[in-house]
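Subject: Structure for you to look at

Hi,

Here is the structure I promised to pass on. Have a look at it first, and then read my notes below.

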Number of protein chains: 2
Amino acid sequence: MTSQEASTTMTDTTARATLQHEDERVRVTRWDFEPGTRTGHHRHALAYVVVPVVDGTISAFAADGTVTESALRAGVSYARPAGGEHDVVNTGDAWLSFVEIEIKTDDERAPAA
Amino acid sequence: MTSQEASTTMTDTTARATLQHEDERVRVTRWDFEPGTRTGHHRHALAYVVVPVVDGTISAFAADGTVTESALRAGVSYARPAGGEHDVVNTGDAWLSFVEIEIKTDDERAPAA
């Protein structure tokens, strides 16, 4: 193994999450992905809107093995309901970033006992 | 007046609003501003999050004459409560775009009689 390979091996594979804002209604998180980095498997407890900051390509890996590739375009948002479960990977060859706006609801904030 | 001036005079001064998504929780609108174009005076009935798509400069003109200039950075969002009232103008020299996510609440959807 060359030192270059060693360095590559040690590179963190997790995308970087930056909390930009949170209040009783929303949580706003910016995600930055170097090529090949991923969110890790997660379940969306809240509905959310994604606003891509740049163009790019992501693949969502579901627990059942399904892979869904999506082309992102800067400023072309999309909305998803709660319940989705996946690992999101930057499968493009350039840095990628989007802002995720999670929408809180009364029910989600205070589930019935 | 040259034909170029005539053409400029006839240019629409209103920013372009594109509804990207709406459901019972959110309304997502993309705004595109050529230099000098404006939203027109409006009041925010809903709290909102803005995600700039590109860097730029906007000025918000309040009804009382106050002008607030803000530098926008692509992917650096900000959140504002309901109640704000202003006319937003692209005072930079380049095209500018942001995505606005308005957050609906039970109260705002069904105001008390």
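**A strand with cover on both sides**

Let's start in chain B, with strand β4(B): both of its faces are covered, with A47(B), V49(B) and V51(B) buried on one side and Y48(B), V50(B) and P52(B) buried on the other. Keep in mind that this is a predicted model. The strand spans residues 47-52 of chain B, and 6 of its 6 residues are buried, so the rest of the structure largely encloses it.

What does β4(B) pair with? One partner is strand β9 of chain B (residues 96-103), which pairs with β4(B) in the antiparallel sense over 6 bridges. If you want to find one of these on screen, look for Y48(B), whose bridge partner in β9(B) is E102(B). Another partner is β7(B), which runs antiparallel to β4(B) and is joined to it by 3 bridges. There, V50(B) has Y78(B) as its bridge partner.

**Zooming in on V49(B)**

Now pick out V49(B), which sits in strand β4 of chain B. Is V49(B) buried or exposed? Its relative accessibility is 1%, so V49(B) counts as buried; the cut-off for buried is under 20%. Leaving out residues up to four places away in sequence, V49(B) touches V26(A), V28(A) and I101(A) from chain A, along with S77(B), Y78(B), A79(B), V99(B), E100(B) and I101(B) from chain B.

**S77(B), a loop residue**

One of the residues touched by V49(B) is S77(B). You'll find S77(B) in the loop between β6 (67-72) and β7 (78-80) of chain B. With a relative accessible area of 11%, S77(B) is buried. Which side chain makes a polar contact with the side chain of S77(B)? That is Q20(A), at 2.5 Å. Apart from neighbours within four places in sequence, S77(B) is in contact with Q20(A), V28(A) and V99(A) on the chain A side, and with V49(B), V50(B), V51(B) and P52(B) in chain B.

A turn of 180° and a shift of 0.0 Å along the axis put chain B on chain A with an RMSD of 0.0 Å. The two copies are therefore related as by a two-fold rotation axis. To see where that axis passes, find V53(B): of the residues of chain B, V53(B) comes closest to it, with its C-alpha at 2.8 Å.

The contact uses 21 residues from chain B and 21 residues from chain A. In chain B, R25(B), G75(B) and I103(B) lose the most area to chain A, together 26% of what that side buries. Between them, the chains bury about 1,700 Å², with 64% of that on carbon and sulfur atoms. Also, 100% of the interface residues of chain B are interface residues in chain A too, so the copies meet through the same surface.

**Over to chain A**

Chain A has 2 helices and 9 strands, and along the sequence they follow the pattern α-β-β-β-β-β-β-β-β-β-α. Of its 113 residues, 38% count as buried. Its accessible surface is about 6,300 Å², and 52% of this belongs to carbon and sulfur atoms. Among contacts in chain A with a separation of 6 or more, 71% come from residues 24 or more positions apart.

One thing to trace is an open sheet of 4 strands in chain A, in the order β3-β8-β5-β6, with antiparallel pairing. β3 (42-43) and β6 (67-72) stand at its edges with a single partner strand each, so one side of each has no neighbour in the sheet. Strand β5 (residues 56-61) runs antiparallel to β6(A), and 6 bridges join them. In that pairing, F61(A) has V67(A) as its bridge partner.

Then look at strand β9 of chain A (residues 96-103), where 8 of 8 residues are buried. Strand β2 (residues 26-33) of chain A runs antiparallel to β9(A), joined by 8 bridges, and D32(A) has S97(A) as its bridge partner there. Strand β4 (residues 47-52) of chain A pairs with β9(A) too, antiparallel over 6 bridges, and P52(A) stands opposite F98(A).

Cheers

Conventions:
Residues are numbered from 1 along each chain as its sequence is written. Chains are lettered from A and ligands numbered from 1 in the order in which they are written. This is a predicted model: local features need pLDDT of at least 70, side-chain atom pairs count only at pLDDT 80 or more; totals for chains, interfaces and linings use all residues. Side-chain values use heavy atoms; hydrogens and water are left out. Buried means under 20% relative accessible area, exposed over 50%, partly exposed in between (1.4 Å probe, protein chains only). A polar contact is a pair of N or O atoms within 3.5 Å; within protein, one must be able to donate a hydrogen and the other to accept it, and residues adjacent in sequence count only if both atoms are side-chain atoms. Contact means heavy atoms within 4.5 Å. Copies are superposed by least squares on the C-alpha atoms of residues with pLDDT of at least 70 in both. Two strands pair if DSSP finds at least two bridges between them. Accessible areas come from the Shrake-Rupley method with a 1.4 Å probe; for residues, only the protein chains shown count as cover. Buried area is the accessible area (1.4 Å probe) that two parts lose on being put together, summed over both.
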